[in-house]
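User: I have just opened this one and would like a walk through it. Could you help me get my bearings?

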Amino acid sequence: MHASQGRSVGLGLALVSAFAFGGSGVAAKPLIEAGLDPLHVVWLRVTGAALVMLPVAWRHRRLVLRKPALLAGFGLLAVAGVQACYFASISRIPVGVALLVEYLAPALVLGWVRFVQRRPVSRAAALGVVLAVGGLACVVEVWSGLSFDAVGLLLALGAACCQVGYFVLSDQGGEGEDAADPLGVIAYGLLIGALVLTVVARPWDMKWSVLGGSADMNGSQVPAVLLLCWIVLIATVVAYVTGVISVRKLSPQVAGVVACLEAVLATVFAWVLLGEHLSAPQIIGGAVVLTGAFIAQSSAPRAASGPVASGGPAPAEGELSAGQSAA
């Protein structure tokens, strides 16, 4: 009974996490179109979330000495890198397209495993890669000569590459008796990301007046500060924390599958709230991308090769959750 209840709670939390992460781009894009630089929006998101997570960072302060490389890598790649590339990409291409490109990460992880680590991957994993790449070709409509902004697509691909670094770090830092507590890693990752982004984004040059006004969301005026609160509190703090807890209550594979809903939800939100319509081939391609990501991440048993060899965004029990790279 208790196990069943725990799984039900875990599934609910995983859905909350996917919902929260999926809404980040929809809330950020109106702020960018209102005049804020994408890097400034990322800085506001990461810095605000880091301040909220300060008590967690203090509780796990010993991590700074135990896992400095893990914390630095997570802050640079999983926080600053992924979010900066993703937010910059959605300033140039639709939210759903950017996130679907980012979901190439499981396929890229398998490439890392096969060609860098020189470890074998299963045929099912290879099939997942082929499906993901083929689906992406439909999403970006290659037959029309890449009708989307090439720079935007490259930025989205950069987010996927940073996500690969997150998976690799999760695999190296979440195993053994000295495994790092995922909440502590998230808290310090946000703090380090905020420090890095402060230097890169130069927030003192930001158009602070934008936050006192309204932003256009498909014809409706929404207070900019309300969108910022959503990005910081819901799409970052709530999304990360519920994601971590859900992984602990579910198997990594199940949590990873639910995390794939983030791309679906983001696309639906963008369609309804921003008027970003996708064509039928793009919708079909998106479904193929997610199918490929699911096959790639669940094709190998955890016990045999660990989360990176599986090619999936769902780290092992006690590690960081699947959806946390997300945007």
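Predicted model: local features only at pLDDT ≥ 70, side-chain atom pairs only at ≥ 80, totals over all residues.

User: Let's start with helix 2 and helix 3. At what angle do their axes cross?

Analyst: Helix 2 covers residues 24–33 and helix 3 covers residues 38–52, and their axes come within 9 Å of each other while crossing at roughly 130°. The two helices are therefore oblique to each other, and their crossing is right-handed.

User: Which residues in helix 2 and helix 3 meet there?

Analyst: From helix 2 there are Ser-24, Ala-28, Leu-31 and Ile-32, which meet Pro-38, Val-41 and Arg-45 of helix 3. Sorted by class, this contact of helix 2 with helix 3 has five nonpolar residues, one polar residue and one charged residue.

User: And what about helix 3 and helix 6, how do those two cross?

Analyst: Helix 6 spans residues 68–90, and its axis and that of helix 3 come within 9 Å and cross at roughly 140°. That angle makes helix 3 oblique to helix 6, and helix 3 passes helix 6 in a right-handed crossing.

User: Which residues of helix 3 and helix 6 meet?

Analyst: On the helix 3 side they are Pro-38, Leu-39, Val-41, Val-42, Arg-45 and Val-46, and on the helix 6 side they are Val-79, Gln-83, Ala-84, Phe-87 and Ala-88. The residues of this contact between helix 3 and helix 6 divide into nine nonpolar, one polar and one charged.

User: Changing topic, what volume does the largest pocket have, and which residues line it?

Analyst: The largest pocket has a volume of about 180 Å³. Its lining consists of Phe-19, Gly-23, Val-26, Ala-27, Met-217, Val-222, Leu-226, Leu-227, Trp-230, Phe-269 and Leu-273. By class, the lining of the largest pocket has 10 nonpolar residues, one polar residue and no charged residues.

User: Which helix gives the most to that lining?

Analyst: Helix 12 gives the most to the lining of the largest pocket, with three residues. Helix 2, helix 12 (224–249) and helix 14 (261–274) each supply at least two residues of that lining.

Definitions and conventions
Residues numbered from 1 in each chain as written. Heavy atoms only, no water. Axes fitted to C-alpha atoms, helices over the stretch in contact; angles between N-to-C directions. Helix = DSSP H or I, 4+ residues; strand = E, 2+ residues; numbered from the N terminus. Parallel < 35°, antiparallel > 145°, perpendicular 65-115°, else oblique. Left-handed = near helix turned anticlockwise from the far one by under 90°. Contact = heavy atoms within 4.5 Å. Nonpolar A, V, L, I, M, F, W, Y, C, P; charged D, E, K, R; others polar. 1 Å grid on protein atoms, 1.4 Å probe; cavity = no way out; pocket = protein on both sides within 12 Å on 5 of 7 lines; lining within 4 Å. Points joined across faces, edges and corners; volume = space filled by probe spheres on them.
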